[in-house]
Amino acid sequence: MSLATTRAAVSRARPGLPRAPTGTGIGLRSCHIAQVLAEVPPVPFFELLADNHVAPGGLVRAQVLAVAARWPVTLHCVGMNVAGTDPLDLAYLTRMAALADVTGAAWVSDHLCFTACHGRQFHDLLPIPYTAEALIHVAARVQAIQEVLGRPLVIENVSAYIGFDASQMSEAQFLAELVDRTGCRLLLDVNNLYVNHVNNGELLAPYLGALPLDAVVQLHLAGYEDRGDHLIDAHNNPVSKPVWQLYREVVALLPQVPTLIEWDNDVPAFEVLQDQARKAEDIRRQAQRQHRVTR
Amino acid sequence: MTMSRLRECQIALAAAIQAPRRPPEGGLHGLGIDAPDVSRRLAIHRRNTCGACIAALRQTYPVVLAVVGPRCFDALASQYLAAYPSTDPDLNRYGDRFHRVLALAIARPQFTGLGYLPQLARLEWLWQLAYYLPDDGPFDHAGFAQALRGVPEKVVLTLGASVHLLDSQTPVHTIWAAHRHGDTHRTFPPGRERIVVWRQHNRRLAAVVCPRRYGLLDGVQRGLSLGALAATADALDRLPELLRCGWIGGYQVLS
């Protein structure tokens, strides 16, 4: 299927206008969907792990539509292989575009990484060398993805455990160039930033200084796993104290940007996620008040 | 760096993750001054990759997991991952050939008495499929009634999108259902079971059916015409029941 054919097929049915998320949302996991639909908690928006919700029918589809009818949603992907060198998976992208259309998703995000090579899927976010040539390659792929999706792609920074000697720029500089060339938006994962700071010595101020903050449309917060001499971006714990502190610094720069709580492993009761979201929202509102005072 | 160099880097990292004993290639290095060595960092990605696939298999095959225990299951899952790496970003679609690994495993002494495992896995896979497959459109009863008034040899039924058949020489439905209800210590008398797995009104269902009904559904699956089905089974009499169960998804009138 050609890109143009795919795009035409996807664009035929666009139900509602996307609703922009505000405040602090929660990453909705399968184990909580029935509870959420029954109790209708006061959550400003949900982020759906799109890869888990692309089933064309049945209960999964019915639940996704029910959630999207009640709350603004965003879609978060892990399988686009944005920076990969295998051909783009048009079938996958078409499914995501259709899901975005049917849910009226405000945006679709994925990561600055590769996830497949030689046709093998790694189901992990693997880093790339940050080079000028890689930038050309990734920019072309982001533009192609955006064509299929019919909307800007939102790119998230990743936790990197491996680097390449060939890298010529930082991840933040690479993302800034990518935004400039493609018009994509950014999702700044504060936990990933902190994990890279501890594991790789990534300096926070230069990173934030290099990032085009006006392109950031969403923040992520999650909990890492402390392995003593390094951190794992495991999304299996509450947000840690130093990440809350970094979050305070980030929202001071981006007080209007919505935040999302992610928790993917050893997922606790939904109320625990709500507590985390309330804490993030308190910090965000404090930053907004401070922002108004200093203007 | 040329584009092929980017590709080389990705291939090197992919190879290093897949082959634990192979030294890293392509200029990989730890990013931080005090960072752990490269092999430890690769191990993080290796755990993530294997862990995601094994977790997906655990989710798809909960009864096989319960029967063999977590350690044995993870060993079998690792064998599966080595033989059949994931090629689809959607992990819900990973694991369709797990029964093949089990078919080899049951030859080993520690699997004595568990010869049903491959068929049990096939049932669990069909159960998984029933959850994710598309919905059927509404059945055109009026059009079908009209088609029945024509030549039955030209009418071909189709199974519902979520409907799958399993002809098992072992009582896997009984075993599967017992485990799902927490009854894990029963002994199960041998016996063939013909099973239908499907979804109706967003509920997954699995049932043992009689040989005649199974034969009819099998004929539908093989694309036999209504005329051919009627010649070998009481197809027309059973049609209303098959439609009511949601097993028939549609029909075609051949020209």
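Does Gln274(A) count as buried or exposed, and at what relative accessibility? At 13%, Gln274(A) falls under the 20% cut-off, so it counts as buried. Keep in mind that this is a predicted model.

**Around Gln274(A)**
- Gln274(A) sits in helix α10 of chain A, which covers residues 270-294.
- Setting aside neighbours within four places in sequence, Gln274(A) makes contact with Ile26(A), Pro41(A), Pro42(A) and Val43(A).

**Helices α7 and α9 of chain A**
- Two packed helices are described by the angle between their axes and the distance between the axes.
- For α7 (residues 190-200) and α9 (residues 241-253) of chain A, the angle is about 115° and the axes are 9 Å apart.
- The crossing of α7(A) and α9(A) is right-handed.
- From α7(A), Val190(A), Asn191(A), Leu193(A) and Tyr194(A) take part, and they meet Pro242(A), Val243(A), Leu246(A), Tyr247(A) and Val250(A) of α9(A).
- Sorted by class, that contact between α7(A) and α9(A) has eight nonpolar residues, one polar residue and no charged ones.

**Nonpolar cores**
- The largest nonpolar core has 98 residues, and Met80(A) and Ile155(A) have the most contacts inside it.
- Helix α5 (residues 132-149) of chain A supplies the largest share of this core, with eight residues.

**Helix α8 of chain B**
- In α8(B), which covers residues 172-180, the buried residues are Val172(B), His173(B), Ile175(B), Trp176(B), Ala178(B) and His179(B).
- The cover over those buried residues includes the chain B helices α3 (62-68) and α6 (117-132), along with strands β3 (164-168), β4 (193-200) and β5 (203-208).
- Just after α8(B) comes Gly182(B), with a positive phi of about 80°.

**Aromatic rings**
- Over all chains, the count of aromatic pairs comes to 16.
- In one of them, the rings of Phe144(B) and Tyr251(B) have their centres 5.1 Å apart and their planes at 50°, so this pair is tilted.
- The pair links distant parts of the chain: Phe144(B) belongs to helix α7 (residues 141-148) of chain B and Tyr251(B) to strand β6 (residues 248-253) of chain B, 107 residues apart.
- Phe144(B) has a relative accessible area of 5%, so it is buried, whereas Tyr251(B) is partly exposed at 21%.
- Ring pairs also join Tyr61(B), Phe73(B), Tyr80(B), Tyr84(B), Tyr94(B) and Phe98(B) into a cluster.

**Positive phi away from glycine**
- Most residues other than glycine have a negative phi.
- Asn81(A) isn't a glycine, yet it has a positive phi of about 60°.
- You'll find Asn81(A) in the loop between β3 (73-76) and α4 (90-103) of chain A, and with a relative accessible area of 6% it is buried.
- His235(A) is another non-glycine residue with a positive phi, near 55°.
- The loop holding His235(A) runs between β12 (231-232) and α9 of chain A, and His235(A) is buried too, with a relative accessible area of 10%.

Terms used:
Residues are numbered from 1 along each chain as its sequence is written. Chains are lettered from A and ligands numbered from 1 in the order in which they are written. This is a predicted model: local features need pLDDT of at least 70, side-chain atom pairs count only at pLDDT 80 or more; totals for chains, interfaces and linings use all residues. Side-chain values use heavy atoms; hydrogens and water are left out. Axes are lines fitted to C-alpha atoms, for helices over the stretch in contact, and angles run from 0 to 180 degrees between N-to-C directions. Helices (H or I, at least four residues) and strands (E, at least two) are DSSP runs, numbered from the N terminus. A crossing is left-handed if the near helix is turned anticlockwise from the far one by less than a right angle, and right-handed if clockwise. Contact means heavy atoms within 4.5 Å. Ala, Val, Leu, Ile, Met, Phe, Trp, Tyr, Cys and Pro count as nonpolar, Asp, Glu, Lys and Arg as charged, and the others, Gly among them, as polar. Rings of Phe, Tyr and Trp (its six-membered ring) pair if their centres lie within 6.5 Å; planes under 30 degrees apart count as stacked, over 60 as edge-to-face and the rest as tilted. Buried means under 20% relative accessible area, exposed over 50%, partly exposed in between (1.4 Å probe, protein chains only). A nonpolar core is a set of buried Ala, Val, Leu, Ile, Met, Phe, Trp, Tyr and Cys residues joined through side-chain atoms within 4.5 Å.
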